[in-house]
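Me: I would like to go through this model with you, setting each label against its definition.

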Amino acid sequence: MALRSFFCFRSVGNQINAVKVIERFLSLSASNSYKEGQDQLNIQKSRNDDAGSYTELVRDFLDPSEFHRAVRKQGISFFTGVPDSLLKDYCAYVTANEAEGSHVISANEGSAVALAAGYHFATGRTALVYLQNSGLGNIVNPMMSLATPSVYSVPMLLLLGWRGEPGKRDEPQHVTMGQATPGILAACGIPFQILPDYLEGAEQVLYSARKHMEVSKGPYCLLVKRQTFLPYKMKYPPSIFEEMPLNREGAIEEIIKCLHDRDVVVGTTGMLSRELFEIREKQFNGHEKDFLTVGSMGHASAIALGIALKKPKRQVFCLDGDGACIMHMGNMSTIGNCSPPNYNHIVINNGAHDSVGGQPTDALNNERFNICQVALGLGYKKATSVSTPEEIRESVLAMRSMQGPVLLEIKVKKGSRKDLGRPTRTPIQNKADFMHFLAID
């Protein structure tokens, strides 16, 4: 895990324990992919050593395995949610160590809350639901009309990654949500605490959460700040995606080669839009043709639909991801029903939530998951699956002459460049350029 150079030092207790934790962090960071994190942690270990008796300057981290054992001690043995970058090491530990029937990565956060409710109805027990705070919007309805004590009274422990935490550098969409997070939880009547980054504190908070849920019979939330957990690197089983000739960025480059000057592109959340931006930079193309959906995971396809319906003379290409597409797959039903002839839906599928740690999506199961059959069943005119550069170019060129909506699935290997940057233009600038481009007849 590549860590930023600005660590936040807080009083966390025993310096000796902290040094041991750092040493374990370093031992887990021995591979080349962890070199940057190892360098940062060497600096942190030195600072811990220099702290001497000033234990308030010592930095600590939670071991995912120890935290998980502490969670289970509170009687929680069912886990569901949507992976988050701040929780990725804990999510990876759960994925690797929990049985299939005890852990479900859900399509979206609202579904995870409903799944946890069903588990409670069947067993009388409490589940843990993990999510990023950007997913709070997805859980408001099931929280307020299902889980709240005044309706069906369903206890569940929310583990919430706090992106955009006040005082921390982050992207505009996360800063906005980070500032609003405590207020949203309070408005929903969900009590919350910050999860300490040392085991004794975490155990105390978990105990308090369990006692509160036993009394209130409702949800309780733990806010997780950045760099709370030690890294946990999961070894994933072999899949067909490892054999694919291209990664996501390579597939985007092939798509861009086939687009015309007036074509409209809507890029989905996460790495895809960042890669799209850098490809345009590299080719000196400008960015006015692309709308980068920096937040609103799962909604790029609906944004593209709104454009396609009102700009029927322009070819509209939605560059989607498997995780985002699955999150709000109901959009595909609306697209099929509206049937815009200029709608081109390209789903770049690597079977993973690549932007937040690489945990698997349902698309990883190639034998059960078939996005092309789903599209055809929902009214798309044609759906094709490809993987090679030649197939991509041939298919994208063919889409231009087809009556839409059409879907193209491109299977790729997961992973991205370590030096991948972020868009240098603000969302407001992106919107202004994009709207000007759309206004040109």
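Me: How many nonpolar, polar and charged residues are in the lining of the second largest pocket?

Reply: In this predicted model, whose local features need pLDDT of at least 70 and whose side-chain atom pairs count only at pLDDT 80 or more, totals for chains, interfaces and linings use all residues. Numbering starts from 1 along each chain as its sequence is written, and side-chain values use heavy atoms, without hydrogens or water. The lining of the second largest pocket has ten nonpolar, five polar and four charged residues, where nonpolar means Ala, Val, Leu, Ile, Met, Phe, Trp, Tyr, Cys or Pro, charged means Asp, Glu, Lys or Arg, and the others, with Gly, are polar. Of the 19 lining residues, E100, P360, T361, D362 and L364 lie nearest the centre of the pocket, while strand β2 (103-105) gives the most to the lining, with three residues.

Me: What makes one space a pocket and another a cavity?

Reply: On a 1 Å grid over the protein atoms alone, a cavity holds points where a 1.4 Å probe fits but cannot get out, whereas a pocket is an open set with protein on both sides within 12 Å along at least five of seven lines; lining residues have an atom within 4 Å of a point. The second largest pocket has a volume of about 670 Å³, and the second largest cavity holds about 50 Å³, volume being the space filled by probe spheres set on grid points joined across faces, edges and corners. The search of the whole structure finds three cavities of 30 Å³ or more. The second largest cavity is lined by I105, S106, A107, G323, I326, H353, T361 and D362, and by class these are three nonpolar, four polar and one charged.

Me: Why are β8 and β13 called edge strands of their sheet?

Reply: The open sheet has six strands in the order β8-β7-β9-β10-β14-β13, with parallel pairing, and pairing requires at least two DSSP bridges between two strands. β8 (290-292) and β13 (382-386) each have a single partner strand, so one side of each is left without a neighbour in the sheet. The twist averages 15° from one strand to the next. Inside this sheet, six bridges join β9 (316-321) to β10 (343-349), and the partner of L319 in β10 is I346.

Me: What makes the peptide bond between G404 and P405 stand out?

Reply: The bond joining G404 and P405 is cis, with omega about 5°, whereas most peptide bonds are trans and most residues other than glycine have a negative phi. P405 is placed in the loop between α15 and β14. Q227, which is not a glycine, has a positive phi of about 55° and is found in the loop between β6 (220-224) and α9 (248-257); helices are DSSP runs of H or I, at least four residues long, and strands are runs of E, at least two, numbered from the N terminus.

How values were computed:
Axes are lines fitted to C-alpha atoms, for helices over the stretch in contact, and angles run from 0 to 180 degrees between N-to-C directions.
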